[in-house]
There are 2 protein chains.
Amino acid sequence: MVQDSHPSTEPRELLAEYRASIDNIDAALIHMLAERFRCTKAVGVLKANYGLPPADPSREQAQITRLRRLADDAHLDPDFAEKFLNFIVREVIRHHEAIAASGGVVTDLHAAKAGKSNSTASSGE
Amino acid sequence: MVQDSHPSTEPRELLAEYRASIDNIDAALIHMLAERFRCTKAVGVLKANYGLPPADPSREQAQITRLRRLADDAHLDPDFAEKFLNFIVREVIRHHEAIAASGGVVTDLHAAKAGKSNSTASSGE
């Protein structure tokens, strides 16, 4: 993050500096999310193909506990971190439903968007 | 992301590999989010201290357009990227309300959590 090391900096210049940092961070977030969904789609295919159980409550609880601790260390609200994980998990479940509906094959992201809304139990990892 | 370059790999071993990638990505996401909120809290303080307008619709539209393009390039659903930005923005607005209520000073994240729920117009950058 930029620091106001020059007290004479105009507020609007400083605002532009912060916005440049925010834009860089957003690009990183988008690419991290894209990679995360590549992983979870692969997990969905793997589980569908090998008949592995879709949900794993102990894994999910471990993820929540770990993310809350990481958030606390980074001075991020742990409640927000848990809300964020739940937000991502809802999207993952949508993808897994699409994978299950297609018989374990997803060729592109549009296939995942065609998923049914009536869910079976599914992990959001 | 791990690749199934060894067809003999047991499904559960492969699942563990994917989960290791997901955990690393989640740690990166949490830290990126923490840094993003450091920036947006600084923006909130700056705007409160210098009387800059809280909302900037042209900036917000540019952010949406850019994130959708970045998502498309990364094979991430652009609709999801926009939903993600809106999710973050709701949290930022909550922080900005807390900053405004405290007169432009936020000393820690718990101060931000004490924000009032009745919002004035606020940018979510």
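Start by selecting A:Gly51: this residue sits just after α1(A) and takes a positive phi of about 65 degrees. Helices here are DSSP runs of H or I with at least four residues, numbered from the N terminus. Before going on, two notes on the model. It is predicted, so local features need pLDDT of at least 70 and side-chain atom pairs count only at pLDDT 80 or more, while totals for chains, interfaces and linings use all residues. Residues are numbered from 1 along each chain as its sequence is written, chains are lettered from A and ligands numbered from 1 in the order in which they are written, and side-chain values use heavy atoms, with hydrogens and water left out.

Now step back and colour α1(A) itself. This helix has 40 residues and reaches 58 Å from its first C-alpha to its last, close to the 58 Å expected at 1.5 Å a residue (the expected span is 1.5 Å times one less than the number of residues).

Next, show both chains. Contact (heavy atoms within 4.5 Å) links 59 residues of chain A with 59 residues of chain B. About 5,800 Å² is buried between the two chains, and carbon and sulfur atoms give 72% of that; buried area is the accessible area (1.4 Å probe) that two parts lose on being put together, summed over both.

Then look for charged pairs. A salt bridge puts a side-chain nitrogen of Lys or Arg within 4 Å of a carboxyl oxygen of Asp or Glu. Zoom in on B:Glu91 and A:Lys83, whose closest N and O atoms are 3.6 Å apart. Then try B:Asp23 with A:Arg59, at 3.2 Å; that pair runs from helix α1 of chain B to helix α2 of chain A.

What supplies the side of chain A that touches chain B? α1 (11-50), α2 (57-73), α3 (78-101) and α4 (109-113) of chain A each supply at least two residues. The largest share, 30 residues, comes from α1(A).

For the symmetry, select A:Leu29. Of the residues of chain A, this one comes closest to the rotation axis, at 3.2 Å (C-alpha). Chain A can be laid on chain B with an RMSD of 0.0 Å by a turn of 180 degrees and a shift of 0.0 Å along the axis, which is the relation of a two-fold axis. The same surface serves both: 100% of the contact residues of chain A recur in chain B.

Last stop, α3(B). Its 24 residues (78-101) should span 34 Å at 1.5 Å a residue, and the end C-alpha atoms are 35 Å apart, which agrees. At the start of α3(B), a side-chain oxygen of B:Asp77 reaches to within 3.0 Å of the backbone nitrogen of B:Asp79. After the helix comes B:Gly103, with a positive phi near 80 degrees.

Definitions and conventions. Least-squares fit on C-alpha atoms with pLDDT ≥ 70 in both. Polar contact = N/O pair within 3.5 Å; in protein donor to acceptor, adjacent residues only side chain to side chain.
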